[in-house]
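Please read this briefing beside the sequence and the coordinates shown below.

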Amino acid sequence: MRLTENSIDNMEYALGLAKLALGYTSPNPAVGAVLVKDGEIVGAGYTQPAGFAHAEIMALNQAGSRAKGATLFVTLEPCCHYGRTPPCTRALIEAGIAEVHAAMIDPNPQVAGKGMAELEKAGIKIYVGEFEDKAREINEAYIKWITTGLPFVTAKFAMSLDGKIATRSADSKWISSEEARKYVHTLRYTVDAVMVGVNTVLVDNPRLTARRIGRGGTTTHQPLRVVVDSKGRTPLSANLFKEPGKTMIAVAQPLDREKAEGMARLGVEVVELRADDGMVDLERLLKALGERQITSVLVEGGSSLLGSLFDCGLIDKVMAFVAPLIIGGDGARTAVGGNGVERVAAALRCERVKVERFGDNVLISGYVPARSGCSQA
């Protein structure tokens, strides 16, 4: 189908609404919907938290009787099954919708084209694929989780021009610009979990919260804080235990009973996993997170954790902030440790690369080609 200017505008509006839902709809996808009749928008909405109205229902409720004969622009195929809420397809049919334009098919096996087929069977004209790439990017975490059971993993780090994330004395405040740090708080708001290694906790004592921009304080939504701590070295006085939201410590079996009891008193979830050479099995950790309906993880360091995740092919996306600084020093740590590769030809090359400016920092982001298995030293 050839898109008209109005059709383009309406779907772009729906995509913008979908972005507003990021951060609090998980494990449901973030969806935007727009109802148009006689060239006028009569209803619009986006997904509410899990268990509440989907985007299509929000738009229908706003449109009321004007929904009859209207055209729906929606960023994801309407659901056709009973979950926490009734199927949206039934509501659309009962409202008398004339056309449905869906940016993409829902990869959920319970839907997967069945929703559009049901609408078409009811006499509704259907169109699929308008702005599909943008729709898939918005829900990239949901797509991976619903099809594999594993969360979408993003590696985020800030480094100097010479690739350092800290000086030789471990000082790292601040390599990134204020604008970049504000953006990171926005990122934290949109993900289900933020992950760091224990060394980051010991050196930086971070809070790992999503803070409101321009107002101070924290948001009502906080990602799960995950610390990969094979030997249980995280001090009970760590800042991240004092913040709102939940914390998980992933340790290699078994954890000292006294330490485990101390964490339990703080309300911390301790997950004991099989050890791989004395270290937490990261693949098992991601599987455990997926089973808890964690669809997205933002890994913020440190070097050892990021290196291990890259070595095992567990990173989906990279977000690297580069600051115009030269730190130097053989003892200064680089962003990604681990085994790495022996030849440049074997290096991971990101795809679909984007470059953005945040103050005097440059954000380079891209997707990591899929591979499996850990590389050997």
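pLDDT is the predictor's confidence in each residue, on a scale from 0 to 100, and a contact means heavy atoms within 4.5 Å. This is a predicted model, in which local features need pLDDT of at least 70 and side-chain atom pairs count only at pLDDT 80 or more, whereas totals for chains, interfaces and linings use all residues. Residues are numbered from 1 along each chain as its sequence is written, and side-chain values use heavy atoms, with hydrogens and water left out.

**Confidence**
- The chain has a mean pLDDT of 89, and 94% of its residues reach 70 or more.
- Confidence in the chain is lowest in strand E11 (residues 275-276), with a mean of 74, and highest in strand E13 (residues 296-299), at 97; helices (H or I, at least four residues) and strands (E, at least two) are DSSP runs numbered from the N terminus.
- Over residues 213-218 pLDDT stays under 50, and for this stretch the model has 11 contacts beyond four places in sequence.
- Where pLDDT is low, the predicted coordinates should not be read in detail.

**Nonpolar cores**
- A nonpolar core is a set of buried Ala, Val, Leu, Ile, Met, Phe, Trp, Tyr and Cys residues joined through side-chain atoms within 4.5 Å; buried means under 20% relative accessible area, exposed over 50%, and partly exposed in between (1.4 Å probe, protein chains only).
- The largest such core has 37 residues, and those with the most contacts inside it are Val-34, Leu-35, Leu-72, Val-74, Ile-97 and Val-100.
- Helix H1 (residues 5-21) supplies the largest share of this core, 6 residues.
- A second, separate core has 32 residues, among them Val-226, Val-280, Cys-312 and Val-368.
- Leaving aside residues up to four places away in sequence, Leu-35 touches a set of residues including Ile-41, Val-42, Leu-60, Leu-72 and Ile-97.

**A buried strand position**
- Thr-154, in strand E6 (residues 152-160), is buried, with a relative accessible area of 10%.
- Not counting residues up to four places away in sequence, Thr-154 touches Val-297, Leu-298, Val-299, Lys-317 and Met-319.

**Salt bridges**
- The whole structure contains 12 salt bridges, each being a side-chain nitrogen of Lys or Arg within 4 Å of a carboxyl oxygen of Asp or Glu.
- Glu-178 pairs with Lys-182 in a salt bridge whose closest N and O atoms are 3.7 Å apart, and both residues lie in helix H7 (residues 178-190), 4 residues apart, about one turn of the helix.
- Glu-178 is partly exposed, at 49% relative accessible area, and Lys-182 is also partly exposed, at 38%.
- Arg-188 forms a salt bridge with Glu-300, with the closest N and O atoms 2.8 Å apart; because Arg-188 lies in helix H7 and Glu-300 in the loop between E13 and helix H11 (303-311), the pair ties together parts that are 112 residues apart in sequence.
- Both Arg-188 and Glu-300 are buried.
- Glu-269 and Arg-292 meet through their side chains in a salt bridge (2.7 Å, N to O); Glu-269 lies in strand E10 (residues 269-273) and Arg-292 in the loop between helix H10 (282-291) and E13, so this pair ties together parts that are 23 residues apart in sequence.
- Salt bridges that share partners join Lys-156, Arg-188 and Glu-300 into one network.
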